[in-house]
Structure formats: C-alpha cells, structure tokens
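Student: I would like to go through the pockets of this protein and a few of its residues. Could you take my questions one by one?

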Amino acid sequence: MKLGVIGCGYWGPNLVRNFNALESVDVLAVCDAREERLKFISTQFPAIKILTKDANDILRSPDIDAVVIATPVSTHFSLGMEALSHGKHLFMEKPFTATVEQAERLIELAEQKNLRIMVDHTFLYTGAVEAIKKLVDSGDLGEMYYFDSVRVNLGLFQHDVNVIWDLAPHDVSIMDYLINRQPKAIAATGVAHFESEIENIAYISTYYDGNLLGHIHVNWLAPVKVRRTLISGSKKMVIYDDTEPSEKVKIYDKGVDVTHDKNQIYDILVQYRTGDMLSPHIDLTEALKKVSQEFYSAVNEGRPARTDGPAGLRVVKILEAANRSIRSGGKVIELG
C-alpha cells in the first residue's frame with residue numbers, strides 16, 4: 001500500500017509513525033499547511049519523499065492507493081469525497097464527519113467505487129476495551145444495566161467544535177462497540193462559559209430498549225484528568241480507568257439479586273452479592289499499531305474494517321442528536 005497523510009498536527013505524526021513501521025506500507029507523502037510541521041516530519045521521517053502544503057498533491061496522485069485524513073472535522077467531508085472520487089481508500093480521524101448526511105454520502109460513494117473506509121476510533125483497539133468486549137460477548141457480565149463514562153480535564157479548549165465533538169467520540173465509540181445496538185433516544189444538556197457559544201461542559205444520556213441506560217460526562221473545566229467508565233451487568237460489574245498505569249480494568253463479582261416473596265406478593269427482596277475483584281491481563285500493544293494494521297488488512301483483504309464507515313456513522317448520529325438536544329433545552333431526540 002502506498003499511503004499519503006493529510007494533516008500533521010498533534011495526532012498526524014503518530015499515524016505517520018505507525019503506518020511507516022508496517023513493512024507492507026510505504027508512506028509516500030505528507031501534507032500540512034504549516035511549514036514547521038513539514039520540517040518536523042522531514043526530521044523524524046527522512047525517507048518520506050513528498051512534503052507538500054497542497055492536499056491535491058496527495059488526493060490526485062496516481063501513485064497513492066490510500067489517504068489518511070487527520071485534519072479538523074469541518075474539512076473531513078470535502079477531503080474524503082475528493083479522495084474517494086480519485087479511487088483512494090480512506091482512513092479518517094475521528095469524528096468521521098460533521099453531520100450524518102455527510103457520513104452517509106461518503107459511505108455511499110465508497111460502496112459505489114468498492115473502496116474501504118476506516119475511522120480511527122483508537123480506543124476500540126486498546127487491550128483494555130478488547131478485554132471488556134470479550135467479557136460482554138461471553139455473557140460473563142450478564143444483562144447490561146448501564147454504561148457510565150466520565151472524560152474530563154482542564155482544557156484544551158477548541159475554537160471550532162464543542163466539548164461533545166472533541167471528547168465524546170471516544171466514549172460514544174466504546175459504548176457503541178460494547179453494547180452493539182443503536183439507542184432509541186438521546187438527551188443532552190450543556191453550558192458554555194467565557195462569553196462563548198461553544199459548550200465546554202456536557203452530559204449525554206442514551207436510552208436503549210430493555211431499560212439499558214448510557215451516560216457520558218465530558219468537561220474541559222475539571223481540575224484533574226479523569227478517564228473512567230463504569231459498566232454494570234446482572235452478573236458482574238466493571239471499572240475501566242484509562243489513567244491507571246496498570247490494572248486499567250477491574251472486574252467485580254458484585255451485584256444485586258432481586259426476588260419476590262411468594263408469601264408477600266407486594267414485597268421485593270433485595271440481596272446484595274459481594275465477591276472477588278479480578279484485574280485481567282491487558283495486551284499492552286500500542287493501539288495505533290493495531291489500527292494501522294487493521295486498515296492495511298481490510299484494504300488488502302477487501303473486507304470492512306472493524307471501525308468502518310457505518311461504525312463512524314453510528315457515532316456521528318449520537319453526537320448530532322446530542323447537539324440537537326442541547327440546542328432545544330435538553331429535549332429527548334428520538335432516533336430512527
């Protein structure tokens with residue numbers, strides 16, 4: 001695979017490094033509008049032949065098979081359409097697009113041209129999330145009751161997107177991956193400070209069939225960095241703390257057993273079950289290494305990637321609905 005990378009700000013160099021490390025991938029070109037970023041890339045990766053400020057040098061090059069787009073979300077759709085139109089497989093930084101309609105159009109064009117789309121939902125490739133996914137799929141967690149996630153820190157304030165579009169894609173993608181079904185409704189609240197219209201604090205609630213509730217709190221105004229998710233099932237409960245250097249995932253054999261007293265038809269008996277805590281072994285392979293390999297393999301094998309276009313679309317649907325809910329004062333938004 002001959003690859004071009006557009007956008008080398010914070011995340012782009014990490015993508016260049018991991019794709020460049022694959023024996024079967026040749027990073028031919030890198031594009032960024034800033035000269036200092038191109039100089040940084042030339043220092044770190046001197047073998048890359050083309051360094052350009054013009055994205056068309058990559059998008060329209062007959063020598064490039066696939067394009068990585070790591071630019072602001074407002075540019076994703078136009079760059080993605082151009083890449084697909086010129087027959088390039090597409091690797092898109094999260095969030096996939098700025099609207100549901102844009103995501104659907106990119107997916108439609110890729111299908112027409114038999115091209116692969118992959119969205120960089122990196123956390124789905126971490127050893128921690130993979131371990132939780134195995135627990136859910138095996139049935140050891142039991143019936144899922146709730147998914148409750150907190151992702152807060154002090155900054156970095158964005159000028160083009162609110163805190164939902166900046167931080168929530170991580171947790172929404174994890175929730176979508178673990179629950180593996182679409183919510184029926186979304187409600188969200190949020191506020192903006194400092195005479196800005198961009199929300200810096202938000203709470204998202206997702207409602208599923210079967211009384212399953214998802215809740216995500218994102219915040220740019222917290223005094224400490226918190227990356228914690230609680231998942232409760234009928235059999236076990238899980239805490240996933242991404243800030244922990246070790247034991248990121250802890251599985252608790254705790255829960256609530258509810259029975260009805262046959263002699264007292266209106267009495268409900270609640271028994272609390274307390275057992276051991278287990279912290280499973282976590283694969284410490286860098287997630288982006290798995291991400292880059294998955295994109296190459298999906299293209300090479302002609303199959304959908306684990307985080308393909310439809311996966312990116314499902315996340316954008318929730319983000320867009322959450323934004324609509326905030327704009328309407330927290331109104332519940334029904335999803336089709």
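Predicted model: local features only at pLDDT ≥ 70, side-chain atom pairs only at ≥ 80, totals over all residues.

Student: What volume does the largest pocket have?
Tutor: The lining of this pocket takes in 43 residues. The volume of the largest pocket is about 1,400 Å³.

Student: Which element gives the most to the lining of the largest pocket?
Tutor: The elements that give two or more residues to this lining are α4 (76-85), β7 (144-154), α7 and β11 (221-233). With 4 residues, the element that gives the most is α7.

Student: How many charged residues are in the lining of the largest pocket?
Tutor: By class, 18 lining residues are nonpolar and 13 are polar. The charged ones number 12.

Student: Where is Asp 166 placed?
Tutor: Asp 166 is among the lining residues that lie nearest the centre of the largest pocket, along with Tyr 10, Trp 11, Lys 94 and Gln 158. Its place is in residues 163-179, helix α7.

Student: Why does Asp 166 have no salt bridge?
Tutor: Asp 166 is buried, and its nearest side chain of opposite charge is Lys 94. A salt bridge needs a side-chain nitrogen of Lys or Arg within 4 Å of a carboxyl oxygen of Asp or Glu.

Student: Leaving aside neighbours within four places in sequence, which residues is Asp 166 in contact with?
Tutor: Contact asks for heavy atoms within 4.5 Å. With those sequence neighbours left out, the residues in contact with Asp 166 are Leu 156, Val 161, Trp 220, Gln 158 and Lys 94.

Student: Which element gives the most to the lining of the second largest pocket?
Tutor: This pocket has a volume of about 320 Å³. Its lining has 21 residues, and Ala 131, Lys 134, Leu 135, Ile 251 and Pro 280 lie nearest the centre. At least two lining residues each come from α6 (127-138), β13 (249-260) and β14 (268-278). The most, 7 residues, come from α6.

Student: Is Ser 292 buried or exposed?
Tutor: Ser 292 lies in helix α8 (residues 287-301). Leaving aside neighbours within four places in sequence, Ser 292 is in contact with Asn 18, Phe 19 and Leu 22. Buried means under 20% relative accessible area. Ser 292 has 1% relative accessibility, so it counts as buried.

Technical notes:
Residues numbered from 1 in each chain as written. Heavy atoms only, no water. Buried < 20%, exposed > 50% of the residue type's maximum accessible area, 1.4 Å probe, protein only. Lys, Arg positive; Asp, Glu negative; His and termini not counted. 1 Å grid on protein atoms, 1.4 Å probe; cavity = no way out; pocket = protein on both sides within 12 Å on 5 of 7 lines; lining within 4 Å. Points joined across faces, edges and corners; volume = space filled by probe spheres on them. Nonpolar A, V, L, I, M, F, W, Y, C, P; charged D, E, K, R; others polar.
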